Amino acid sequence: MTTTAVRDGIPARSAEELEELASIAGPELELAPAELIVEWAVQQFGERFCVTSSMGDAVLADIAGKVAPGIDVVFLDTGYHFPETIGTRDAVEATLPVNLLTITPVQSVAEQDATHGKDLFRTNPDLCCALRKVKPLQDALAGYDAWATGLRRDETHSRVIAPVVGWDDSKRKVKVSPLARWTADDVDRYIAENGVLVNPLQYDGYPSIGCWPCTQRVAPGEDARSGRWAGTAKNECGIHL
């Protein structure tokens with residue numbers, strides 16, 4: 001298999017070709033600046049490449065918009081977001097040169113309650129994340145060969161080996177993490193130097209922001225993600241697993 005279709009002047013690739021590309025590019029781009037990693041992805045995949053953002057801040061969207069104005073930025077609206085998160089999404093759409101795509105689950109919160117019982121986030125948080133995050137993202141990425149995330153290695157133990165370019169076998173796509181090597185200080189520095197939009201909850205004790213039922217404030221000195229699914233063994237929604 002070589003070319004089954006051509007889009008944006010770039011031929012389609014098989015999963016095997018994409019996996020091989022990721023295995024080569026990961027080590028080659030390991031020490032590259034985030035901007036160069038995004039530029040490489042745009043050159044390789046064109047319109048088959050998008051960026052995802054949870055709207056904790058607009059760092060990755062800002063970088064991508066500068067490298068490739070008009071790039072697709074995918075936001076998953078779970079129906080459980082803080083108003084501040086929705087406001088940050090709206091501000092990104094209004095001020096950055098990106099194509100903001102808001103993706104919603106198949107069922108509304110009310111429909112999910114009717115099907116699975118009220119407050120599934122409490123009774124079965126893994127299923128709730130699967131229905132409102134994992135499946136919608138998988139569906140949203142159907143038309144892409146690769147996508148970028150804001151994942152950083154310093155966030156959780158499960159992310160410490162995340163490559164800057166890797167292969168996601170479950171999605172059969174190339175996963176690009178331009179900020180993988182960044183620290184929280186690197187993020188703060190970029191925000192300050194570039195006037196990047198930040199979710200106001202970041203300044204109100206929420207260094208890691210998810211759905212409001214499953215996100216709590218974090219006390220000074222505590223792990224940044226300790227407010228996510230507090231009191232449970234859960235520490236990932238499943239998107240990065």
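Q: Which residues of helix 3 are buried?
A: This is a predicted model, in which local features need pLDDT of at least 70 and side-chain atom pairs count only at pLDDT 80 or more, while totals for chains, interfaces and linings use all residues. Residues are numbered from 1 along each chain as its sequence is written, and side-chain values use heavy atoms, leaving out hydrogens and water. Helices (H or I, at least four residues) and strands (E, at least two) are DSSP runs numbered from the N terminus, and buried means under 20% relative accessible area, with exposed over 50% and partly exposed in between (1.4 Å probe, protein chains only). In helix 3, the buried residues are Val59, Leu60, Ala61, Asp62, Ile63, Ala64 and Gly65.

Q: Why is helix 3 largely enclosed by the rest of the structure?
A: Helix 3 covers residues 59-67. It is largely enclosed because its buried residues number 7 of the 9.

Q: Which side chain of opposite charge is nearest to aspartate 113?
A: Aspartate 113 lies in helix 5, residues 109-116, and is buried without a salt bridge, that is, a side-chain nitrogen of Lys or Arg within 4 Å of a carboxyl oxygen of Asp or Glu. Lys and Arg count as positive and Asp and Glu as negative, with His and the chain ends not counted. At 4.5 Å, the nearest side chain of opposite charge is that of lysine 118.
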